[in-house]
Amino acid sequence: MILSQQPPEIRAEQILEVQDLTKMFGGVKAQDQISFSIEKGIVCGLIGPNGAGKTTLFNMITGIYRPDAGKVIFNGKDIKKTPVHRLVKAGVARTFQHVELFSSMTLLENIMVGMHVRTKAGFWAAVTRMPAMKKEERDSRRRAEALLEFTGLSTDTHKMAGDLPAGRQKTAQIARALASDPLLLLLDEPAAGLNAVETHALGKLIQKIKESGITMMLVEHDMSLVMGMSDKVVVLDQGKKLAEGTPRQIQRNEAVMSAYLGNG
Amino acid sequence: MMTDKNKYIWIEYLGFICAVSAFGLVTENTYYLQIMTFIGINTLLGLGLNMLMGYTGQVSLGHAAFYGIGAYTTAILSGTYGINPWLALVCAVAAAVLIAFIVGLPTLRLSGYYLAMGTLGFGMIVNIVIREWADVTGGASGFVGIPVLEAGPLVFMAGPGYYFLVWGIVCVAMIICRRLLASRTGRALRAIHDGEKAAVAIGINTHFLKLEIFMFSAALAAVAGFLYAHFVLFISPESFGFMFSIKIVTMVVIGGMASVWGALLGAAVLTLLPEVLHGFAEYEMIIFGTVLMVVMIFMPQGLNRGIMDMIRTARRAKA
Amino acid sequence: MQEIVQYLFSGITTGAVYAVIAVGLSMLYSSTELINFAHGEFVMIGALAMVTLWVRLSLPLPLAVAGAVAAGCILGLVFERLAIRTARNPKPITLIIITVGAGIFLKGAAMIVWGKDPFSMPSFSSHESIEIFGAALLPQSIWIVTAALVLAGGIHLFLKQTLTGKAMVACAVNKKAAWLSGIPSEKMGILAFGISAGCGAVAGIFIAPITMSSYDMGTILGLKGFCAAMIGGLGSLWGAFAGGLLLGILESLGAGLISSGLKDAIAFVLLLLILYIRPGGLFAAKEAKRF
């Protein structure tokens, strides 16, 4: 459905395996021996009270932080030493809690720049403007337009990214992440700040993305969204994994309930 | 800034080419021609640095060194050894790019002040080497005997000939910059400018891109040095020291970062200012220092952007 | 052998001056995360102020020293107020250029006030040089090294023992936490600037008798102070001190044994080496700090 240029191949059943992942900041254990895995094609929810270490986990999966101990295995490969840009090329993409669209570019250009890892034209190609480079530009543009259509943002194609309303900016971030043809898409609180209508639309989009074969992991506080969309849920509390299972199992889990409601 | 529609760009360029050509054909006053030629050379110097500072947020405090490498490489190769100057140009650019790679590789990996310091140190070293290696460079007394540029039947002497040579090269450089900015590389650059964290997250190799732009700016500076050497036919280390590196930075700051026309504006202001302030030569440093501080405190994006922002705010206030 | 001892003496002397300059830079960085590219000009101001106060106006030595240091400190505070504080949302590149601009401004102002000609200044004590191992040790050298040690030691004690000093360290380590604990980070910034500028002035005061003082002496001294601070590890007090001494000695040995013309390049070659091999500096933590 989504046009692709040289997408990475899926090499393993478990798209992501996290083993005994540990991260210290100063004397604080932000992540304490966390282990879980995500099968390809599912939606995995990551929940937990504030400060549980969810964004830190994302940062370690996407290569922004290096773990102090433990492994992250993506698509069969240990990615401990992989720099971020190579990870994106290997098929990991993410969005941020606070929207970080590029404000000096139009929405279309934002999506096009998301394709950076799947395109080739470099310095010399830009300067000489050979036919191959022009073709790549045309293809990129067409693909970006298709992505905007897929995510329902076509009407804003040529608007400056910063001028869009907040909800559409969040969707645009997802479109930009999709532009890199990921195997695994990490969404950091995609529903934060969205109203009920927008959240519903987000749910539909996540469903569409799942149908196109992309595995997703999502951090969310909106329980109905997470429980409704996820095939599996991982619960973190104070850096430790508290529970892992289907949404129904998690909803019945006592430890989870006390972590959220708090009992001192 | 960067969302020019295509047709406007061509009109801008056409207007620019017409203005430059008209000036060159009409003016007979050699002094004015000389000034304009210098503006052209300084624009080349500022163009690359403008992109570096504007898009990657890095500063080079030793850019005069690349300028000097361009000038002295051609002076030595074509003056002392009689090698064809155009070949010397290739060598000069290659040398500058190589050195930029060596200096930039470790320093651009880290964010913040490191490139500034590395280029500062490197700039001082080059200046000292030029001064001390008197056998080759002529030392503090300078290098005499730089040949005049020729290309087949054309001889480029100071005057309209050189004026058109310099501005022709400036045009080419501007087109290169524009093409760069309108491409995949340009989008990546603008992404780094708008939000480096997000740029990294979508897979842009920011380290490599910054290095590329730094090398490009070094190449342009070397070309400018080449043109300078074959224009004035005599060079000395004073022209390539720390103060000149600061002047180039000032050009970019005043003209406006991340702007091709900004490089031109900055070069024009900084070339004309000393001529205008001839009587106030003593105050040059105080004026420079004040301008740098004031512009950076109140209009960190540069003068042209700052003025445009003020106009925009004024318009909004009226509406 | 005797030559090497001579080089060592002069190396330690200039090294002590570099050390003081580097300490000022390093301390400012560790308190405010700012690199002051105008630092060298405070050295120049200290030196030229001494020329005016001690030589021209013939004030007694301690008064002249106090006056010159005060001049440096006051300038530092003014600079902090006007230039640094008023900058809105400064990115590193903005701050770099502001401090560079300030340095050039100070240089230009000094040129107008004191003119272009260099001044010489007599030593603080008029003793003859002492002979050790066949090499001559100038009494001014003893003054300089002593002053450097006293200054560094004083700052060390200030940071470790006094409440204000500990507050400054807290600010350097974690500004937000310090602020939450009630430490006024603005005042700390002002204090840091004052101390830093004061260090610069002290360096200038003590170097004036050994070299000629002029309006443009500050640039290269500031740059070498940088290199020394980077070599030792930015933010480390004794690292800066050691870096300064190391630089002075290497420079002196290099000038004597290899070539005196390339002497100035040694500092920058060392800087580039450090940036390549160990950007954090010799005595700082392994991982290079991100500014």
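Student: How many helices and strands does chain B have?
Tutor: In this predicted model, chain B has 14 helices and four strands.

Student: What makes the radius of gyration of chain B agree with a compact globule?
Tutor: Set the two values side by side. A compact globule with 319 residues would come out near 20 Å, and chain B has 20 Å, so the two agree. Its C-alpha trace spans about 60 × 50 × 40 Å along the principal axes.

Student: And what share of the residues in chain B is buried?
Tutor: That's 54% of the 319 residues. To count as buried, a residue needs 20 or more other C-beta atoms within 10 Å of its own.

Student: Over to chain A, then. Why is strand 8 called mostly covered?
Tutor: Strand 8 of chain A covers residues 215–219, and five of its five residues are buried. Thr215(A), Met217(A) and Val219(A) point one way, Met216(A) and Leu218(A) point the other way, and all are buried.

Student: How do you know that strand 3 and strand 8 of chain A pair?
Tutor: Pairing takes at least two bridges. Strand 3 (residues 43–47) and strand 8 of chain A have four, so they pair, and they run parallel. Look for Gly45(A), which stands opposite Leu218(A).

Student: What joins strand 7 of chain A to strand 8?
Tutor: Five bridges do, and these strands run parallel. In strand 8, Thr215(A) is the bridge partner of Leu184(A).

Student: Which elements make the right-handed β-α-β unit?
Tutor: Strand 7, helix 7 (residues 196–211) and strand 8, all of chain A.

How values were computed: Residues numbered from 1 in each chain as written. Chains lettered and ligands numbered in written order. Predicted model: local features only at pLDDT ≥ 70, side-chain atom pairs only at ≥ 80, totals over all residues. Buried ≥ 20, exposed ≤ 12 C-beta atoms within 10 Å, placed from the backbone. Helix = DSSP H or I, 4+ residues; strand = E, 2+ residues; numbered from the N terminus. Right-handed = clockwise from strand over helix to strand, strands pointing away. Rg over C-alpha atoms; globule rule 2.2 N^0.38 Å.
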